[in-house]
Amino acid sequence: MTYTEMLNYIHSLGKFSLPAGLNRIAEVCKKLNNPQNSFKSIHIAGTNGKGSTAVLTANALKNEGLKVGLFISPFIIDFRERIEINGEYISQNDIVKYGEIVKNTGVALNEFEFICAVSFLYFKDEKIDVAVYETGLGGKIDATNIIDNVDVSVITKIGLDHTALLGETVEQIAAEKSGIIKKNEPVITVCNQDERALSVIRKHTDNLIVPETPEIQKSDITGSIFTYKQKKYELSLLGVHQCYNAVTVIEILNNSSFDVSMESIKKSFAKTSFPARLETVSKNPLTVIDGAHNPDGAKVLAKFLEDFGEKVTVICAMMRDKNWQEYVEIISRYSKTFIATEIDMNRCLSANELGNFAEKYAEKVLIEKDLFAAIKTANNLKSPIFIVGSLYLGANARKYYKK
């Protein structure tokens, strides 16, 4: 198979084509001699903040000289973003090599299970020291939960998302996410965790660490400075919420079996970037992409826009199966102009429907179905631009700006 043929095969498996459960991933791992347990893992579940927490953690471990695998989802531009070692994506040849091994087991898998199995084999053969695994959806029956050699478990901020699959209450979702907790490993959560979620997490572990709330000295479009336990940190990722993620990372590393220096942690915080998470892609006019797509993500973005201090041009597209009404209600209030757009996907809400709804809350609404036309229109408005609402939108916008 060529790389393109393998990608087409993987995508053909479908995301929700098979019933949820660990039976299939357990079967394929058994046939492959359980490669997922040949290295230690830091396992991260949650609704928001998983990706940022994973990347900050992996970079700090890498700075300490360790060989670190990172598994995240979804990808933004390149499928290979999902599996990397010390910042280097898995090669196309290795996607094909390990993909064929997994395919030849004959076990029917969905797309996420398949790429998980590929990562297990790749990390084992590369003899990594530790892997940082971000769950795909939920926790208890997420394919990543087949890993047993867990060094630290992490539950980031819990909110309402994927309610049809995970439960309709914060408590139900927290219980599903807490399913990653194994035995007596340290469990770290965020300092601003929902109290309802926190009560559920506590029922799953006697070894829960809740970080103290950091003291924020500065948080603006250039980054943040905060103090945690009398030590000062500079953070390149934007937003107060990333300071909360950062202190989670400090506690992850302090409670891991790896001796990670303060210097390595500070270097990670100062240098880490993460695509489409309050990512500045242009300075003239100022243009920021944010792929948060649920009400909790909207509240985080709203806090950033409130601190930003001026109304902006918002370019927005939303998936129909998300709680888009609440998202738009929150965000459109911070827009001088709200430009509704869309993506060529069946799940995507039409620009017309999105724009018509936004008119209830925004000062001015424009409808532009083509993203690139929407960007050109926004550039002429001479206001800062925030492209928000969907990671798929963020991925398409990044392609435009990277050119």
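Select valine 314 first: its bridge partner in β15 is phenylalanine 338. Two strands count as paired if DSSP finds at least two bridges between them. Strands (E, at least two residues) and helices (H or I, at least four) are DSSP runs, numbered from the N terminus.

This is a predicted model, in which local features need pLDDT of at least 70 and side-chain atom pairs count only at pLDDT 80 or more, while totals for chains, interfaces and linings use all residues. Residues are numbered from 1 along each chain as its sequence is written, and side-chain values use heavy atoms, with hydrogens and water left out.

Now colour β15 (residues 335–340) by accessibility. Five of its six residues are buried, so the strand is largely enclosed by the rest of the structure. Buried means under 20% relative accessible area, exposed over 50%, and partly exposed in between (1.4 Å probe, protein chains only).

Next, show the eight-stranded open sheet, which has the order β4-β3-β2-β5-β1-β6-β7-β8 and mixed pairing. At its edges are β4 (88–89) and β8 (208–209), each pairing on one side only. Within this sheet, pick β6 (residues 150–155) and β7 (residues 187–189), a parallel pair with three bridges. Valine 154 has isoleucine 188 as its bridge partner in β7.

Axes are lines fitted to C-alpha atoms, for helices over the stretch in contact, and angles run from 0 to 180 degrees between N-to-C directions.

Then bring in helix α9 (residues 240–254): α3 (residues 50–63) packs against α9 at about 45 degrees, with the axes 9 Å apart. The two helices are therefore oblique to each other, a class left over once angles under 35 degrees (roughly parallel), over 145 (roughly antiparallel) and 65 to 115 (roughly perpendicular) are taken out. For the contact itself (heavy atoms within 4.5 Å), select Ser52, Thr53, Leu56, Thr57, Ala60 and Leu61 in α3, which meet Gln242, Asn245, Ala246, Thr248, Val249, Ile252 and Leu253 in α9.

Finish at serine 268, in helix α10 (residues 262–271). Serine 268 is buried, with a relative accessible area of 2%. Leaving aside neighbours within four places in sequence, serine 268 is in contact with Leu56, Asn59, Ala60 and Asn63.
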